[in-house]
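Hello,

I am passing a structure on to you, and below it you will find my notes on what turned up.

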Amino acid sequence: MVTINVVGGGFAGLVAAITCAEAGARVHLLEAHAALGGRARATTGPYVAHDGPHVLYSDGPWWRWLADRDLIGPYANVPLNALAGFRFRRDGRLRRVPPLALLRVLAHRRLHAPVDADFATWVRGRHGEEAATVTANLMGVATFDADPGRLSAAFVWERLLRVFAPSPPARYLTGGWNGLIARLAAHARDLGVVIETGARATELPPPPVIVATSLDAAGRLLGTSFPQGESGRTVLLDLAVRADRRDAFVVSDLDEAGWLERYTLPDP
């Protein structure tokens, strides 16, 4: 029986380890940190701040992979009263109704966007300057970029159609992604995967090996470098504030690609 070493205990490493174990391999997983999770790590209570996003999308292959293994766990859909709690910041003011220019873009859902044109240019050519600005800034939440208009039109358009579908596919995992990591780890161990935390790999383990780390860390292990693409520019902040009955569920900043979301509404 072959033994496969996996370096990295985030989502990618755990999924790789489980897949290999299901195929009959022995698997040894090494994680440098004291806890598994990668971007799914979170702080301890009483206020829990997450290193990464909070939701999964039910229309993607990862959701199906998790569902096939009964690993999704408890979750909440977008609240039924969420739309009443939407606000849009435009021209420095909060509004309850999105700009007409944005609605015109969303009304043409059957269009196919080109890969080789940027999103702002593509929307501008069809709907004008205001539509390009507000639609691109709306997509900051889904692209994790401060200037989504510069990205490929096909890339941004596909995500816009998914995130803002008539029946939103966002699912809020109870307690955040860290609960999912615990279920993945338990399932991996049940399959016989040996998981070692606090085990930083300073050299490549014996092959076959799967490196599931950041590109920089993978490059050091593999003795190579990877082409450096331009990164998105964004910051994610979790804030604990006193609740108020007037609180919005979401504020979409159509001026500056920002996004506020009250995650305690679907997951107290």
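**Strand β1 and its partners**

Valine 7 stands opposite valine 211, which belongs to β9. That is one spot in the pairing of β1 with strand β9 (residues 209–211), which is parallel and runs over 3 bridges. Please keep in mind while you look that this is a predicted model.

β1 also pairs with strand β2 (residues 26–31), again in the parallel sense, over 5 bridges. Here valine 6 is the residue facing leucine 29 of β2. To get from β1 to β2 the chain passes through helix α1 (residues 11–22), and this β-α-β crossover is right-handed. How many of the 5 residues of strand β1 (residues 3–7) are buried? The count is 4, so the strand is largely enclosed by the rest of the structure.

**The whole chain**

Now a step back. The protein chain has 9 helices and 11 strands, and its C-alpha trace spans about 60 × 45 × 30 Å along the principal axes. Of its 268 residues, 39% are buried. If you take the contacts between residues at least 6 apart in sequence, 68% of them join residues at least 24 apart.

In soluble globular proteins, nonpolar side chains tend to be buried together. The largest nonpolar core here has 29 residues, and those touching the most other members are Leu29, Leu66, Leu184, Val193 and Ile195. Elements giving two or more residues to this core are β1, α1, β2, α2 and α8 (177–190). Which of them gives the largest share? That is α1, with 7 residues.

Leaving aside neighbours within four places in sequence, valine 193 is in contact with Ala17, Ala21, Val27, Leu29 and Ala188. Another core lies apart from this one; it has 28 residues, including Trp122, Val134, Leu151 and Val156.

**One side of helix α7**

The spacing is worth a thought: an α-helix has 3.6 residues a turn, so residues three or four places apart point the same way.

**Aromatic rings**

A pair of aromatic rings is described by the distance of the centres and the angle of the planes. The structure holds 11 aromatic pairs. One of them joins tryptophan 63 and tyrosine 75: this pair is edge-to-face, with 5.2 Å from centre to centre and 80 degrees between the planes. Tryptophan 63 is in helix α2 (residues 61–68) and tyrosine 75 in strand β4 (residues 75–77), so the pair ties together parts that lie 12 residues apart in sequence. Tryptophan 63 is buried, at 12% relative accessible area, whereas tyrosine 75 is partly exposed, at 39%.

Phenylalanine 86 and phenylalanine 88 form a tilted pair, with centres 6.0 Å apart and 35 degrees between the planes. Both residues are buried. They also belong to one aromatic cluster, together with Phe164, Phe249 and Trp259.

**Some spots in the loops**

Proline 207 and proline 208 are joined by a cis peptide bond, with omega about -5 degrees. Proline 208 lies in the loop between β8 (194–197) and β9.

Aspartate 91 has a positive phi of about 55 degrees although it is not a glycine. You will find aspartate 91 in the loop between β5 (86–90) and β6 (93–95), where it is exposed, with 56% relative accessible area. Phenylalanine 144, not a glycine either, has a positive phi of about 55 degrees. Its place is the loop between α6 and α7, and at 33% relative accessibility phenylalanine 144 is partly exposed.

Is glycine 229 buried or exposed? It counts as exposed, because its relative accessibility is 61% and the cut-off is over 50%.

Happy exploring!

Conventions. Residues numbered from 1 in each chain as written. Predicted model: local features only at pLDDT ≥ 70, side-chain atom pairs only at ≥ 80, totals over all residues. Heavy atoms only, no water. Phe/Tyr/Trp six-rings, centres within 6.5 Å; stacked < 30°, edge-to-face > 60°. Buried < 20%, exposed > 50% of the residue type's maximum accessible area, 1.4 Å probe, protein only. Pairing = 2+ DSSP bridges. Right-handed = clockwise from strand over helix to strand, strands pointing away. Core = buried A, V, L, I, M, F, W, Y, C linked by side-chain atoms within 4.5 Å. Contact = heavy atoms within 4.5 Å.
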